[in-house]
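Dear colleague,

Please find below the structure that I am handing over to you.

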Amino acid sequence: MRNKGPTFSEGISFQLAKIGIILVFVLSFSMNLIQVYVDYQNQSQEFENLVERVIEVASPPAARAVHTLDDDLAIEVVNGLLSYDFIYEVAIRDERGHVLAEARRPPVVNSSGWLVKIVDNDVLAYTSQLAVPGYNQQSTGEISFRVDKRQALSGFYSRSELNLLVGVLRNLVLVALLFIAFYVKLTKPLARLSHEINEINPDQPGVRRLTPLAEERKDELASVISNTNQLLDVVELSLAKRRAVELALRKSEEHLRQIVDSLPVLIGARNKQGYYRFANRALADALGYSPEEMCRIHVRSLLKHSVSDIDLVLANDARVIDNREELDVVEESFIGADGNQLFLQTHMIPLDYYDEVVSLVLSVDVTERKNAQEEMQYMAHHDALTSLPNRLQLVERLEHEVRRAVRHGYYGAVLFIDLDKFKNINDSLGHPVGDLVLQEIARRLKMAVREEDLVARLSGDEFIVVLTVLDRELQVAGLKAGEVSEKIRAIVSQPIVHEQMELRVTCSVGVVVYPDKNNVVHELLRYADTAMYHVKERGRDAIEFFNEEMADRVSAQLVMEGDLHRALEQQQFALHYQPKLDIESGRVIGAEALLRWQHPHKGAIPPMEFIPVLETSGLIIEVGQWVIEQACKCLAHWSKQGLWHPGMTLSVNISPRQFRDASFVQDVVNTLQRYNVPRGALDIEVTEGIIIQRVDDAIATMTALAEHHVSFSLDDFGTGYSSISYLKRLPVSTLKIDKSFIRDLSCDRSDRVLVETIITMARLLDLTVVAEGVETPEQLEILREYHCHSYQGFYFSPAVAEEAFSEFLRP
């Protein structure tokens, strides 16, 4: 339907003319008024100047007339003033106010009219004091007169009225001319353009064209008409192309359908009535129908064997269609036409499909992914090597069994099983053989217990067996747990045949009965672990029940662990220094730094009590680093004071755990550099046990630190392996003879032979020897005879605080 053209009053020319009339009239009239006002101000000022001149001329004769009481002169002055047409009343008075002469005449009627009333409609009065020259300018009277300002400015008013009227007429003529120009130049061509546009057929825009304007016109309207004609050509061409595209789309629709059918995704569109409007080949094959058949069968019939809840399917379709809401079904079970169960991940979105809104359903087969997730879930809860439950599942099951035992009032037991010397199999035969042994042990453990019991692999060669529902009596439950433990110990010790070899392993078993004193799962595992370690201490291959004494020891250890944490935070630790002396000269050549702990309530705690707890809790790494920091800080301090000389060494004991820590080397190097420790001043004492377990790793660590001028002492030499084969490979500079050999040196020939042998061997290997625990002059004399290099012990001084040791260094 074409739109009707605008009326004349709605046209652009009328609107522009209306706006132009208002603007021009208001602007021009305002400018004229401003001009009138400015002219009026100028005329008023000239009038005031005229009045002042009149007063100036009339005042001297009027003053003489008042002074001499000359009536004739006064009348002459009055009549002279009335000669001005704008003055209509004059009076001369003496100093007492008596009228000497006066005259008046009627004011002239002003015919100017409206402008005079608007601008000025007042009569003005002027008065001037009269004074005779030579009499001190004393006032002798006054002259007053009244003037008609309108009469004085009558010419100005007439001119202004004429100018205003002429301006208004000029503005009206200008607006009329503008209106005609707008109509000719704009409104008339626009009206014709609107009419021609209404005549264009939208289906055939290229048939009619807009009439162009005269060639001499190059304005915007001419450009609009030209561009519109070009646009009509483009639209005509676009419509032709669109028709071609629609034809191509119809041809490609079938190709697109073929592509959708080939996708491995189940795609279908269902309407609110429960019928498929579209289905691809994958969905049809999964249901055992053709796409055409699916569109004629209701969803209830199509999916009755495939999904478990058809009502939920229809409800989801309604939500998507009515609310235009997208839905995700993360995982739904689907039975295909072949009877196989699939798991689908479905996404449902609303779709405008022809004349209705449908629910477009896209389902991806995630069966393989679900199976993989289940396998990962299984792996997360089971040991990869033995397929036994791992620590995570063990904790979950044990928590459940403890709660069940409390609820039903029976006892169970936790067995902590550790294989004895299993490391020997791994080291001698390799890890593959060790893995086979672990798998066989796992199989035997499962055979040794009931189906309702739990067998789990904790780590390495450690296993946990949870025995459930043993008995309602604690003693009977403990007896049954012991019987099962003996059975396990016996079955584990049976030989394992591998490549014509019989491999034999034994096990240490720690047992704890639950529930007891509301112990949590981790406490039960720790108690069983403690009982197992008691077996290890007593020689392995046995069974040990966790008892109250062990509980007290564990509790004491836990308390000490907490105290040690606070000791590190509150700086309760301190270093004491035991001097090392040269045997020949008796000069102090260094010291050994020893850790001391002053508990705020318990006093001094012996190192033999708290250092093992530091080791087991893992705090030894932090405390060990603190020891190195303090030792280096003292070395830097003594060096700055000139008390520490080249060749002197401060020995620091390192725990096995700290020595094997990955950041140990870098931490030591950083500390040396931070405190600017003198080269060769720091000595690290290691035991044979640290080195012998991983000789190559120990050599690498010691070599890396030796490059930074850190020396090493082998502590407690003679009490361990004492193998020269590894001793000659180690970058060790000092051997320390254990005090157990020094204690009976004066009375035990065997100790003397052993000490002499160690010293002789060290000298042959170019190593320095330090004897520990020297307490008597006899011991020192024997060491001197054997040419021992240095010693330390109570004979000279026990370990002392930093301030006391500094006194030993002073000359």
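**Strand β5 and its partners**

Strand β5 pairs with strand β9 (residues 356-365) in the antiparallel sense, over 5 bridges. Please note that the model is a predicted one. β5 and β6 form a hairpin with 5 residues between them, and Gly274 in the turn has a positive phi of about 90°.

**The largest pocket**

The largest pocket holds about 1,400 Å³ of space. It is lined by 40 residues, of which Glu592, Leu594, Met608, Ile611 and Asn653 are the closest to its centre. By class, the lining comprises 17 nonpolar, 11 polar and 12 charged residues. Helix α18 (607-617) is among the elements that supply at least two lining residues each, as are β18 (588-599), α19 (620-641) and β20 (649-653). The largest share, 6 residues, comes from α18.

**Salt bridges**

The structure holds 30 salt bridges. Side chains of opposite charge can pair when their charged atoms come close.

- Asp418 and Lys536 meet through their side chains at 2.5 Å, N to O. Asp418 lies in strand β10 (residues 411-420) and Lys536 in helix α16 (residues 521-537), so that the pair links distant parts of the chain, 118 residues apart. Both Asp418 and Lys536 are buried.
- Arg489 forms a salt bridge with Glu486, with the closest N and O atoms 3.0 Å apart. Both residues lie in helix α15 (residues 474-492), 3 residues apart, which is about one turn of the helix. Arg489 counts as partly exposed at 23% relative accessibility, and Glu486 likewise counts as partly exposed, at 39%.
- Glu502 and Arg504 meet in a salt bridge at 3.4 Å, N to O. Glu502 counts as exposed at 52% relative accessibility, and Arg504 is exposed with a relative accessible area of 54%.
- Glu592, Glu685, Lys736 and Glu772 are linked in a network of salt bridges. Glu592 is also one of the residues closest to the centre of the largest pocket.

**Cysteines**

How many disulfides does the structure hold? There are 0. Cys632 is in no disulfide, the nearest cysteine sulfur being that of Cys634, 9.5 Å away.

**A separation across the model**

Ser154 is found in helix α5 (residues 154-198) and counts as partly exposed at 22% relative accessibility. Ser154 and Val466 are 312 residues apart in sequence and 129 Å apart in space, C-alpha to C-alpha.

With kind regards

Terms used
Residues numbered from 1 in each chain as written. Predicted model: local features only at pLDDT ≥ 70, side-chain atom pairs only at ≥ 80, totals over all residues. Heavy atoms only, no water. Disulfide = S-S within 2.5 Å. 1 Å grid on protein atoms, 1.4 Å probe; cavity = no way out; pocket = protein on both sides within 12 Å on 5 of 7 lines; lining within 4 Å. Points joined across faces, edges and corners; volume = space filled by probe spheres on them. Helix = DSSP H or I, 4+ residues; strand = E, 2+ residues; numbered from the N terminus. Nonpolar A, V, L, I, M, F, W, Y, C, P; charged D, E, K, R; others polar. Pairing = 2+ DSSP bridges. Buried < 20%, exposed > 50% of the residue type's maximum accessible area, 1.4 Å probe, protein only. Salt bridge = Lys/Arg side-chain N within 4 Å of Asp/Glu carboxyl O.
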